[in-house]
Amino acid sequence: MNKVLIVDTSDSDRRLMSSLLVKPGYEPIAVESMEAAKEEVAKLPPGAVIVADYKLPDGSAKELVNWLKSGKHYIPVIAIVNNRTCPEATDVMESHGAVAVIQRPAIDKELVDYVSRYVRDIESATPPEEKLIDRPSDEFKKVKEKIARLATSNANIIIFGESGMGKEQIAREIYRRSSRIDKPLTVIEAGSAALVGKHNPTSTDSEMYGRISSYFTNAAGGTIIIKNIHLLDFDKQSVLLHILVTDHPDVRVICTAEPELLDMVADKSFRSNLFFNLREMDVTVLPLRKSGDDIQPVAEYYLQTFAEQYGTLVKRLDASAIKALRLHDWPGNIRELRNVIRHADLNASGDVITSNDIIISRSSPRTNDNRRLNDPTAEKHKIIEALAQTRGNITQAAKLLGIGRTTLDYKMKHHGLK
């Protein structure tokens, strides 16, 4: 059900607008001040609309629009004015302000029509950077299957994967498919979790507890995504554990973490009891170098995205460009691939991108699991990975492994891979 936030000083008009919106199936939320509206914004799902009086006791519809922009809240605002010809109507719509205005005397005739124009379904309301990029590899198909299963539960989840693999997008996809979609979603960074939340100075609880618990209060019934949970320091871990096991908030917690979190639990720098409270279920996303079939489709996805963004024709990758992309280890994963494709898209002279346009920075860090065959116990596995990444091209696989073609032939026979 699409939600509509009504911000109006008139009690009677708030009741009128609420009744008008309920009939076609919308869910109205009515408040009378800008401050109250700000508290409700965090709880709105994608696709919601705000209807706001031009003049509010503590601000205006224009100020509300500017506040939304500064906080990167992508919610359309419809302003209420006395007359479309008055200066307020022009003022609130200039500089990409309100998307429309309705006249107060004609609320009963105009409100539902204008709301229906701007309310959107969840998919179309999701910003591109928050969408999950579909990928064809068998590895990612398993991730999608797990997303579908986990979305139907209320279990807390940790999503494991290297930086740049879209862990937050996976977390958001689980939320969008869950029964909590019409409830608040809060996304926080673990490194600042105790610094951003609100604290009541009159409370007897510690400030750290007050700030972290405020996230759960505001997200009641909904979902909290905690990014990079491995960055949470030990004191904050204790507070978060206390909230989960003592307060029992009605909030689902989805965390993202790099693989090092498991080592931190083992060496006791991350509390094991908190870990198991957060990891009731988990998802593991393999790095891009281990799902080579995704490299070309993801690159082509970004070429399509950039063409739409710049209003240009979609450029295509030739065979040499695809080969160059598949031979790189991508330590920065999808984020690094996006940057390389953006550069190639801007610098290619025609509508075809070649290997000459694929510029990969020499300052890129090396991956920890490089494929050179310096560990006999992992040799067979690394050969299989290299062959998969190069689609069975033995010459290219040998180059990845740092050995000659003849040596690779010998090792493949030795491991029964011929």
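**A walk through the strands, loops and salt bridges**

Okay, let's start with Ala220, which sits in the loop between α10 (207–218) and β10. When I say helix or strand, I mean DSSP runs, H or I with at least four residues for helices and E with at least two for strands, numbered from the N terminus. Before going on: this is a predicted model, where local features need pLDDT of at least 70 and side-chain atom pairs pLDDT 80 or more, while totals for chains, interfaces and linings use all residues. Residues are numbered from 1 along each chain as its sequence is written, and side-chain values use heavy atoms, with hydrogens and water left out.

Back to Ala220. Is Ala220 buried or partly exposed? With a relative accessible area of 48%, Ala220 is partly exposed; buried means under 20%, exposed over 50%, and partly exposed in between, with a 1.4 Å probe and protein chains only. Ala220 and Pro184 are 36 residues apart along the chain, and 7.2 Å separates their C-alpha atoms.

Now follow that loop into the strands. Take β11, residues 252–257: 6 of its 6 residues are buried, so the rest of the structure largely encloses this strand. Arg252, Ile254 and Thr256 point one way, while Val253, Cys255 and Ala257 point the other.

Which strands pair with β11? One of them is β8 (residues 157–160), parallel to β11 over 4 bridges, and by pairing I mean that DSSP finds at least two bridges between two strands. Look for Ile158 opposite Cys255 there. The other one here is β10 (residues 223–227), which also runs parallel to β11, joined by 4 bridges. On that side Ile224 stands opposite Val253.

Elsewhere, β7 (residues 100–103) is covered on both faces: Ala100 and Ile102 are buried on one side, Val101 and Gln103 on the other. Strand β6 (residues 77–81) runs parallel to β7, with 4 bridges between them, and Val81 stands opposite Gln103.

Most residues other than glycine have a negative phi. Asn228, though, has a positive phi, near 55°. You'll find Asn228 in the loop between β10 and α11 (234–247), and at 19% relative accessibility Asn228 counts as buried. Asn333 has a positive phi too, near 60°. Asn333 belongs to helix α16 (residues 333–347) and is buried at 0% relative accessibility.

Last topic: salt bridges. How many salt bridges are there? The count is 25, where each one is a side-chain nitrogen of Lys or Arg within 4 Å of a carboxyl oxygen of Asp or Glu.

Arg14 and Asp11 make one at 3.0 Å, N to O, and both lie in helix α1 (residues 11–22), 3 residues apart, about one turn. Arg14 is buried at 11%, whereas Asp11 is partly exposed at 41%.

Arg84 and Glu110 also meet at 3.0 Å, N to O. Arg84 is in the loop between β6 and α4 (87–93) and Glu110 in helix α5 (residues 107–118), so this pair ties together parts 26 residues apart in sequence. Arg84 is partly exposed at 32%, and Glu110 is buried at 13%.

Then Arg177 and Glu173 meet at 3.1 Å, N to O. They are 4 residues apart in helix α8 (residues 167–177), about one helical turn. Arg177 counts as partly exposed at 45%, and Glu173 as buried at 14%. And one network to finish: salt bridges with shared partners link Asp8, Asp13, Asp53 and Arg104.
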